[in-house]
Amino acid sequence: MKAVRKILSAVFVVAVLFACAALPPRLLAQSWSVQVDKVDPGDVNIEPAFRVAIYENLLIELAKTKQFKLVFRGGDRNASGPEVLILKTTVQKYTPGSETRRAITTVSGATKLNVRSQLCTREGKVVLERVVDGNVRFFGGNLRATHNLARNVAETIKKSDLPARTL
Amino acid sequence: MKAFTQCERGTGVRAPHLLIKLRSNRPRAKNGVRGGPHGMAPRLLRTCVEIWVGPGRIGNMIEKFAPLERSMRALSFLLLPICCSTALMAQNQGGAGLASGSTMRVTHVLGFESVSNNANGELSIKEHTLRFQKSDGSIAQVSVESIQDLTLGVQDRQMGGTAMAVGRAATPYGGGRLISLFSHKKYDTLTVEYLDPNGGFHGAVFQLNKGQGQVLKEELVGEGAHVTNMENQPTKPNAPEAKNEGS
């Protein structure tokens, strides 16, 4: 009877270890929180409405992914502690489009955005770095490009394996 | 060709561009025009011809309709969206004059907390707060002192929203493109950057009728809002297709 109990407890421990190893990266990443910094226009002459729209859409899309425990705004005093990653976004390319031109010609007038997204720790160590695009080619207003861009950034982060947080 | 000769017969009126085709199994009307309740277009045309050559002179002038019928059908397809777009344009005329005092009818594009995107409402400045009141009565507001920057821009947008876009897409013979050419309007966009009580950065974008943006910006500056770049005119969007690349 004792031998059976020992075997069962050993099997249980092994099962728990396997379960931990097979834990999806999403759950591991949920140990992190993220703070979204203001969008850096870099050397690109981007309209302020686009800059703000990228920032606000990033907050919405990152919260939707449920990848992070908390999503903070830039400058939020509550975003302190080592578990907070900082998302920095720098605009690299911006092609302003025209909704009317899209509606008339279909092939021209696309609004295109290209940004570099970096997830950094408080100490400045870059955890993740990606270049992401966001365009609007057919339907919708020009600001829709910012929504598409934010969704692409969130998806990219979701697909990436973030390192487990050291406690 | 046959229709042509029949047009000329007995009337002395040449109307080569009016080739009217009527179905032969229809009963002939008293005045010789094949009629009957088979569509508005022939009747309308007959009335037009009557006005043109005078009543009673038509006789058996109009006998045949040619490919005009198909064009008329296409035109009738186009008529509805064109009417809709005209009505929309008429509704939007004189929007800049809506600014009465400090209350303006605006569209909240995004960013204002607890307000859904693309919500219509009234933006006002009352007791040092910028207040957005939705059509259903719910209010969101932010203190003017917390505003960090205000920027104006111009956006050229198609009117009518999704319903109109579907209508344009469904219009045959590329008519939707023609409608798009005339159903766009320029709007002012006001970007408000402000901080919440926790120090968190917020940005909100409002869409206003042309000319209202500057008025609102000046009122907010007068109330004490911070502005980093005080320009008199809204910043125009860059030339389409002109790439801006950072180094």
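Predicted model: local features only at pLDDT ≥ 70, side-chain atom pairs only at ≥ 80, totals over all residues.
Ile125(B) stands opposite Leu130(B), a residue of strand 5 of chain B. Residues are numbered from 1 along each chain as its sequence is written, chains are lettered from A and ligands numbered from 1 in the order in which they are written, and side-chain values use heavy atoms, with hydrogens and water left out.

**The sheet of chain B**

Strand 4 (residues 119-126) and strand 5 (residues 129-134) of chain B pair in the antiparallel sense over 6 bridges; two strands pair if DSSP finds at least two bridges between them. Helices (H or I, at least four residues) and strands (E, at least two) are DSSP runs, numbered from the N terminus. The open sheet has 7 strands in the order 6-5-4-3-9-8-7, with antiparallel pairing. Strand 6 (139-143) and strand 7 (147-158) of chain B are at the edges with a single partner strand each, so one side of each lacks a neighbour in the sheet. On average, neighbouring strands of this sheet are turned by 35° against each other, direction ignored.

Helix 6 (residues 212-223) of chain B packs on the sheet and touches strands 3, 4, 5, 7, 8 and 9 of chain B. The direction of helix 6 makes about 175° with that of strand 7 of chain B. Axes are lines fitted to C-alpha atoms, for helices over the stretch in contact, and angles run from 0 to 180 degrees between N-to-C directions.

**Chain A**

Chain A has 5 helices and 5 strands, arranged along the sequence as α-α-β-α-β-β-α-β-β-α.

| Property of chain A | Value |
|---|---|
| Accessible surface (Shrake-Rupley method, 1.4 Å probe) | about 8700 Å², 58% of it from carbon and sulfur atoms |

Helix 3 (residues 48-65) and helix 5 of chain A have axes that come within 8 Å and cross at roughly 40°.

Beyond helix 5 (144-159) of chain A, the following segment holds Leu162(A). Leu162(A) is buried, with a relative accessible area of 8%. The C-alpha atoms of Leu162(A) and Val127(A) are separated by 7.2 Å, although the residues are 35 apart along the chain.

Note on methods: Buried < 20%, exposed > 50% of the residue type's maximum accessible area, 1.4 Å probe, protein only. Contact = heavy atoms within 4.5 Å.
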